[in-house]
Structure formats: C-alpha cells, structure tokens
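Subject: Structure handover

Hello,

I am passing this structure on to you. My notes follow below it.

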Amino acid sequence: MANSSIEYKLPYKIKPLLKPYDAKSYAFGCIHQFFGITLVLSGYVGTDCLLACTGFHLTGQLAILKCRVKEFLKNNHDSHGRIRQMILRHYRLIRLGDILEDSFNIVIFLHMVGSTILLCTSSYQMLFSLAELERVYIFTFLIYVCLLLCTLYGYCYMGECLIEESTNLCDAIYHCDWYELSTINLKSLCICMVRARKPLQLTCAKFCVVSLCTFTDVSHYC
C-alpha cells in the first residue's frame, strides 16, 4: 500500500500518452521519451548538418577547380582534353548545386520564417521581463537569440561562399594564358566563362537569395 502512493515523474516535461503508475511503466516512459527526443533532434540537426556538409563540399570543389585552371591549360599538347575535363567537372558541380538548391530551398524558407517569428516574439516577451526585472529569463533569452542567429548566420555564410566561389572561376579563366589556345578551345572557354558568371546560389523557396545581405536584413527587421 505504501508503494501505491509513490508519484512517478518522467525526466522530461512532456505530456506522456499514459501516466506511469508503477516502476515498469515508468521505465517504458523514460525509454519512449529518450528515443522520441533523439529522433526529433536528429531530424532537426541532421538536416542542418547535411545541408552544411554538402554546401561547403561544393564550395571547396569549386575552389579546387579554380586553382587548377592554370594546370589544365599550361600544356598546349593536350589542352583540348584538359579543357574538356575542366568543363565536365564544372558541369557536374553545377548539377550538384542545382540538386542542393531544389532539395533545400523549402527547408531554408521554413527556417528563415521560423527564426524571424521566434526572434520577434521572444523580443516582445523580453520587454515584459525587463519591466519586471526577471534577470534569469533575460539571460536565457540572450542565449536563445545567439543560438538562433548562429544557425541563421551559418546558412547565409554558406550561401555567400557558394556565390563567391562560383563566380571566381570566371576570373580565374580570364587571368590564365587563354590567348595561346586555339580558336576551338577559346570558344569552349568563353562558354564556360559565360556560365560561370551566373552564380550558384541557395534561395529561400525561390523567393530571395540566401547570402550575408539576407542575414543583415533579417537581423535588422527583428
């Protein structure tokens, strides 16, 4: 009878499907909460990590291609084959950029809108805390805002790097010894330069370009 009066409280403040009434149900409740929170965090953080890894990988590959432009063109004996290899490599990176944009533009849009709403509502709530001098809540709010801004800055910084590296390839081709190439190879390089002038970029549901300018705009309006 004494054990029946024991109150079982789960470790996380989440409303359980069934309230634990004994040690067995309490153990199952803890396991359920643990795996549930793990899945939610993996879905949220995993998406950001996948986007960041793929985006910075693409940026790095564009930077490597830019550095190898002179190496592709320095040998006039097999310059046609080297230029063809460079163009194919550039084409594959463009395809990867398009796939990345099509796969994550909605995710970026939801994150941008959600971060903006959360920053605005949290700022409004902090005004009441300032009036009532709730220092603990103010400190918690500052940490929360810093985390949101860091995630938002990561998206925008990756978009800025992608734009910069994709357009720098055009400058790298222009500064190489293109005047020593044949007419056919010059036409191929001109086509590659024209395409490189159009930057690879991430968008917010095709609505706006994700860059550092977007980060400053969101921070300004919040």
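At what angle do helix α4 and helix α5 pack, and how far apart are their axes? First, some ground rules. This is a predicted model, in which local features need pLDDT of at least 70 and side-chain atom pairs count only at pLDDT 80 or more, while totals for chains, interfaces and linings use all residues. Residues are numbered from 1 along each chain as its sequence is written, and side-chain values use heavy atoms, with hydrogens and water left out.

α4 and α5

Helix α4 (residues 135-174) and helix α5 (residues 183-196) pack at about 150 degrees, with axes 8 Å apart. Helices are DSSP runs of H or I with at least four residues, numbered from the N terminus. Axes are lines fitted to C-alpha atoms over the stretch in contact, and angles run from 0 to 180 degrees between N-to-C directions. α4 and α5 are therefore roughly antiparallel to each other (over 145 degrees; under 35 counts as roughly parallel). On the α4 side the contact (heavy atoms within 4.5 Å) is made by S166, T167, L169, C170, I173 and Y174, and on the α5 side by L189, C192, M193 and A196. By class, this contact of α4 with α5 has eight nonpolar, two polar and no charged residues. Here Ala, Val, Leu, Ile, Met, Phe, Trp, Tyr, Cys and Pro count as nonpolar, Asp, Glu, Lys and Arg as charged, and the others, Gly among them, as polar.

α1 and α4

Helix α1 (residues 23-67) packs with α4 at an angle of about 20 degrees, their axes 9 Å apart. The two, α1 and α4, are therefore roughly parallel to each other. Residues of α1 that meet α4 include L51, F56, L62 and K66, and those of α4 include Y155, M158, E165 and S166. By class, the contact of α1 with α4 has 14 nonpolar, five polar and three charged residues.

The cavity

The largest cavity has a volume of about 30 Å³. A cavity is a set of points, on a 1 Å grid over the protein atoms alone, where a 1.4 Å probe fits but cannot get out; lining residues have an atom within 4 Å of a point. The volume is the space filled by probe spheres set on the points. H90, I94, S166, R195, A196, K198 and L200 line the largest cavity. α3 (79-132) and α5 each supply at least two residues of this lining.

Regards

Key. Angles under 35 degrees count as roughly parallel, over 145 as roughly antiparallel, 65 to 115 as roughly perpendicular and the rest as oblique. On a 1 Å grid over the protein atoms alone, a cavity is a set of points where a 1.4 Å probe fits but cannot get out, and a pocket is an open set with protein on both sides within 12 Å along at least five of seven lines; lining residues have an atom within 4 Å of a point.
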